[in-house]
Amino acid sequence: MTSATENSPIAPASTRILLLLGPPGCGKGTQAERLAAHCGIPAISTGEMIRAEIRAGSELGRVAAGVTITGGLLSDDLVNKIVRSRLSQPDCANGFMLDGYPRTVEQGKFLNSLLQELALPQPLVVHIDVPAQLLIARTCNRRYCAQCGSIYNIASHPPKNAGLCDTCNIELQQRADDCEDTVRNRLVSYERSTAPLIEFYRNGTYVRIDGTSTPDSVFEAIQKSLV
Ligand code: ZN
C-alpha cells in the first residue's frame, strides 16, 4: 500500500502517467493497448479525446467537430482545452497513458504545467525506436490474401510459392499506400515534429525501447522500464 503524506495533494506513488512516442508503423497502438490493460489505466489518444467531447455534446466537441469536418487542423489552444477536459475526468485520477499526444514541444510544455496543476506526477516517456529502413521494409514488404486475409511479408514471412497465398493459391495483394515513398514521407514529417519533443523529454524520465524485435519482446522491455 502506498501512502501519501497527510494532507498532501500529491497523487499516490502508484500513479502512472505514461507517454508513448514512436514512428508510424512501430507497433505503438498494440503496445498502448497491452500496456494500459497491464497497468489498469485508460489509454488516451487525441482521436479518443475528441470523440468523447463530441459524444458528450460539449461546446469543445462542437468546435472540434466543425474543424474536423472542414478538414482543418485543430489549433494548439483547442487541443489543450480538450486534453484538460479529458485528464480531469475521474478515470484519470490514478494515471493514464497518452498515445499521439503531445505532438509538439508547445503541447509538451502545456502538459507539464497541466499535470502540475492537477497534482499529478510528470510522465514516464517511453520511446519505441525503430530505424526508418526497417519500418519501410516492414510496411512495403507486406502482402495480404484478399480471400482469407492471411498476411505475409516477402522478407521475413514469405509464402511457400512466391506471390501466392499458401492456403488459397491466389495472387497476394499489396495495399495501395504501402509504397516506399508514402512511408518515407510519413517518417520525415514524424521526425520533424517528434525529434524536438524527444529532446524536450530527454531530461526527464525517459526510456528508449528497441522496437526492432517481436511485439512480445518489446512489451517485456517496456514492462521492465516501469519498475
Ligand atoms: Zn488466402
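Visitor: What makes C165 and C168 count as buried?
Guide: Both C165 and C168 are buried, which means under 20% relative accessible area; exposed is over 50% and partly exposed in between (1.4 Å probe, protein chains only). This is a predicted model: local features need pLDDT of at least 70, side-chain atom pairs count only at pLDDT 80 or more, and totals for chains, interfaces and linings use all residues. Residues are numbered from 1 along each chain as its sequence is written, and side-chain values use heavy atoms, leaving out hydrogens and water.

Visitor: Which protein atoms are donors of the zinc ion?
Guide: SG of C145, C148, C165 and C168, lying 2.3 Å from the zinc ion; the cut-off for N, O and S atoms is 2.8 Å (3.2 Å for Na, K and Ca).

Visitor: Why is the arrangement around the zinc ion called tetrahedral?
Guide: The 4 donor atoms subtend angles of 108 to 113 degrees, and four donors count as tetrahedral if all angles lie between 85 and 135 degrees.

Visitor: What makes F200 and Y201 an edge-to-face pair?
Guide: By the rule, the count is 1 aromatic pair. F200 and Y201 lie 4.9 Å centre to centre, with 65 degrees between the planes; the limits are 6.5 Å for pairing, under 30 degrees for stacked and over 60 for edge-to-face, the rest being tilted.

Visitor: Why is F200 called partly exposed?
Guide: Its relative accessible area is 24%, whereas Y201, at 5%, counts as buried.

Visitor: How do you know that R34 lies over the face of F219?
Guide: R34 is 4.3 Å from the ring centre; the rule asks for NZ of Lys or CZ of Arg within 6 Å of that centre and within 35 degrees of the ring normal.

How values were computed. Tetrahedral: all angles 85-135°; square planar, octahedral: opposite > 155°, others 65-115°. Phe/Tyr/Trp six-rings, centres within 6.5 Å; stacked < 30°, edge-to-face > 60°.
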